[in-house]
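Below are some notes for a colleague who has not looked at this structure before. Please read them with the model open.

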Amino acid sequence: MEVEKTEKNITGEEDDESKIIYRGWKVMPFIIGNETFEKLGIVGSSSNLVIYLTTVFNMKSITAATVVNIYGGTSNFGTIVAAFLCDSYFGRYKTLSFAMIACFLGSVAMDLTAVINQLHPDKCAKEIGSVCKGPSIGQITFLAGAMVLLVIGAGGIRPCNLPFGADQFDPKTKEGKRGIESFFNWYFFTFTFAQMVSLTLIVYVQSNVSWSIGLAIPAILMLLGCIIFFAGSRLYVKVKASGSPIHSITRVIVVAIKKRRLKLVGSSSDGLYNYIAKDFKNSKLSHTKQFRCLDKAAIQTPDDKLNVDGSPSNPWNLCSIQQVEEVKCVIRVLPVWLSAALFYLAYIQQTTYTIFQSLQSDRSLGSGSFKIPAATYTVFLMLGMTIFIPIYDRVLVPFLRKYTGRDGGITQLQRVGAGLFLCITSMMVSAAVEQHRRNVALTRPTLGFEPRKGAISAMSGMWLIPQLVLMGIGDALAGVGQMEFYYKQFPENMRSFAGSLYYCGIGLASYLSSFLLSAVHDVTEGSSGGNWLPEDLNKGRLEYFYFFVAGMMTLNFAYFLLVSHWYRYKDVVDKDKSCDEIEKVSV
């Protein structure tokens with residue numbers, strides 16, 4: 001990898017490294033400030049999207065839900081494309097710059113659909129039986145254009161923002177390593193804070209004041225985010241793209257297949273081709289014994305010719321052991337990624353069915369007439385995460401560091417494992433609370449009737465807070481731990497791609513959740529015990545579904561412990577490698 005510099009040309013690897021000025025926390029006001037306003041803008045434009053489509057664009061609920069699911073899934077899986085372009089061609093700074101401008105333009109276009117009457121259909125009449133006119137092709141096209149810009153923006157920002165911030169710290173110094181550890185925590189803190197503001201203040205303005213003003217606020221915030229980001233342009237460490245990492249992975253696999261019939265001599269790297277280019281910037285990796293079949297790609301035969309500088313004349317016939325070890329890093333992460341991604345299968349239930357639980361619970365606040373909006377209960381999940389992250393970063397990490405000697409207190413996989421355990425606990429608490437809510441609804445006087453749902457239980461909605469807080473703390477552990485793990489375990493030239501893995505995991509969990517809900521609904525609907533997930537939760541057995549998810553998470557936790565024990569951390573050949581990098585077994 002290369003790093004952009006403003007200084008004069010220099011020679012020598014050591015001089016080259018010494019000219020890189022890592023400003024660390026000095027540039028964090030620009031990066032974290034931009035992150036806060038950018039998330040306020042993106043979340044503010046999309047968090048209330050399903051309501052906007054049904055009330056302003058007169059879409060049916062099922063159509064609006066489908067549009068939102070496609071939008072969300074495309075935003076998450078689009079991070080792979082953005083990460084590929086970033087790591088291969090443009091670098092993180094240029095990708096972020098383009099993505100933020102696209103996101104700002106998308107926010108403006110989305111606001112225009114509310115401001116200009118010709119860009120949305122006429123408002124539906126309130127009379128029963130009246131005809132409700134849907135959007136025209138032109139209106140749908142303009143709306144789709146706005147959403148495409150938001151997808152491009154979100155897809156580009158998500159995998160690059162966090163690695164770009166971590167690039168500002170010197171990974172070879174103790175202060176730099178600790179700065180990276182702390183930055184991951186504060187990144188998620190600002191991310192969650194922005195979500196909380198969007199789900200309360202911005203959503204309130206959109207729903208109760210004006211859609212035009214409510215969608216203008218995210219556009220203004222995105223503009224502020226762009227201004228803050230570009231204000232620090234001259235201070236950033238800007239890592240350039242260093243070629244397609246996917247190309248390198250494919251080459252190792254192809255060469256290993258070509259040489260599959262060759263035999264390896266011994267278990268060490270002796271005799272294997274070990275060329276390192278002079279301008280190579282990735283960490284030099286030690287040879288590992290896992291996936292030894294890939295080592296065959298580094299067996300040099302008499303037919304494998306070399307150039308004058310020692311590089312292979314045909315890179316599709318011979319790969320270095322360094323290239324092979326980088327591919328092993330990627331392959332080793334995938335089993336862990338699958339287990340860690342399933343955390344969000346349970347997380348999603350807390351952001352959907354907990355809302356339905358609150359609709360049929362007593363949401364009154366005190367003795368007054370004010371009721372907590374059902375969707376606002378998810379703020380308690382984010383509040384748990386927001387409060388726990390500073391405690392973890394400033395109290396728990398220094399305390400654990402005294403006993404483990406690790407800069408992060410514990411390993412990344414131990415942190416993810418703790419989050420998975422709390423995920424199971426949260427689902428068990430959810431089941432117990434739902435059982436209590438339903439019993440109260442069936443055995444005591446109810447508080448009225450929720451339209452299209454059923455009777456409202458006298459159980460206070462405050463009983464839902466513990467399960468949400470537990471899941472929020474679990475996300476502070478598992479979510480942050482995942483991002484840090486992917487960032488540190490992938491080769492340096494693939495860190496944007498590593499960041500996209502996190503969001504792809506959320507997208508995978510979303511699709512699995514949709515499938516699981518449909519399957520449980522279809523299987524239990526005609527059973528003797530009745531449908532677990534009817535519209536009226538008092539007639540269903542939601543607690544059974546929660547227990548079922550908790551059981552799935554328990555099996556997943558056992559699988560996670562297995563792959564974590566099998567996993568070998570990236571071993572860097574460097575004098576000042578950190579404890580986490582040389583650690584051989586995670587848990």
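1. Helices here are DSSP runs of H or I, at least four residues long, and they are numbered from the N terminus. Under that scheme, helix α11 covers residues 378–404, and Ile391 is part of it. Please keep in mind throughout that the model is predicted.

2. Helix α11 is not straight. A kink of about 45 degrees is centred on Tyr392. Just after the helix comes Gly405, whose phi is positive, at about 75 degrees.

3. Leu383, Ile387, Ile391, Val395 and Leu396 make a nonpolar surface patch of about 390 Å². Is Ile391 buried, exposed or partly exposed? Its relative accessibility is 40%, so Ile391 counts as partly exposed, given that the class lies between 20% and 50%.

4. Other residues of α11 are buried, among them Thr378, Met382, Phe388, Tyr392 and Val397. What covers the buried residues of this helix? The cover includes α6 (174–208), α10 (343–359), α12 (412–443) and α13 (465–489).

5. Asp393 and Arg394 join their side chains in a salt bridge, with 3.3 Å from N to O.

6. The structure has ten salt bridges. In helix α12, Glu434 and Arg437 are three residues apart, about one turn of the helix, and their side chains form a salt bridge at 2.9 Å, N to O. Glu434 is buried, with 0% relative accessibility; Arg437 is buried too, at 0%. In general, an α-helix has 3.6 residues a turn, so residues three or four places apart point the same way.

7. A further salt bridge joins Arg292 to Asp295, where the closest N and O atoms are 3.7 Å apart. Arg292 is partly exposed at 24% relative accessibility, while Asp295 is buried at 0%. These residues belong to a network of salt bridges that links Arg292, Asp295, Glu325 and Lys328.

8. How many aromatic pairs does the structure hold? There are 32. In one of them, Tyr89 and Phe90 have ring centres 6.3 Å apart and planes at 55 degrees, so this pair is tilted. Tyr89 is exposed, with a relative accessible area of 56%, and Phe90 is partly exposed at 46% relative accessibility. Phe343 and Tyr347 also form a tilted pair, with 6.3 Å from centre to centre and 40 degrees between the planes. Here both residues are buried. They are four residues apart in helix α10, which means that about one helical turn separates them.

9. Aromatic residues also gather in a cluster. Tyr93, Phe164, Phe229, Phe230 and Tyr236 form one such group.

10. Last, a residue in helix α3 (residues 49–55): Leu53. Leu53 counts as buried because its relative accessibility is 0%. Which residues are in contact with Leu53, leaving aside its neighbours within four places in sequence? They are Asn58, Met59, Ala64, Val67, Val68 and Leu143. Between the C-alpha atoms of Leu53 and Asp522, which are 469 residues apart along the chain, the separation is 28 Å.

Methods:
Residues are numbered from 1 along each chain as its sequence is written. This is a predicted model: local features need pLDDT of at least 70, side-chain atom pairs count only at pLDDT 80 or more; totals for chains, interfaces and linings use all residues. Side-chain values use heavy atoms; hydrogens and water are left out. Patches are made of residues with over 30% relative accessible area and no salt bridge: like charges are joined within 9 Å, nonpolar side chains (Val, Leu, Ile, Met, Phe, Trp, Tyr) within 5 Å. Accessible areas come from the Shrake-Rupley method with a 1.4 Å probe; for residues, only the protein chains shown count as cover. A salt bridge is a side-chain nitrogen of Lys or Arg within 4 Å of a carboxyl oxygen of Asp or Glu. Helices (H or I, at least four residues) and strands (E, at least two) are DSSP runs, numbered from the N terminus. Buried means under 20% relative accessible area, exposed over 50%, partly exposed in between (1.4 Å probe, protein chains only). The bend at a residue is the angle between axes fitted to the seven residues ending there and the seven starting there. Contact means heavy atoms within 4.5 Å. Rings of Phe, Tyr and Trp (its six-membered ring) pair if their centres lie within 6.5 Å; planes under 30 degrees apart count as stacked, over 60 as edge-to-face and the rest as tilted.
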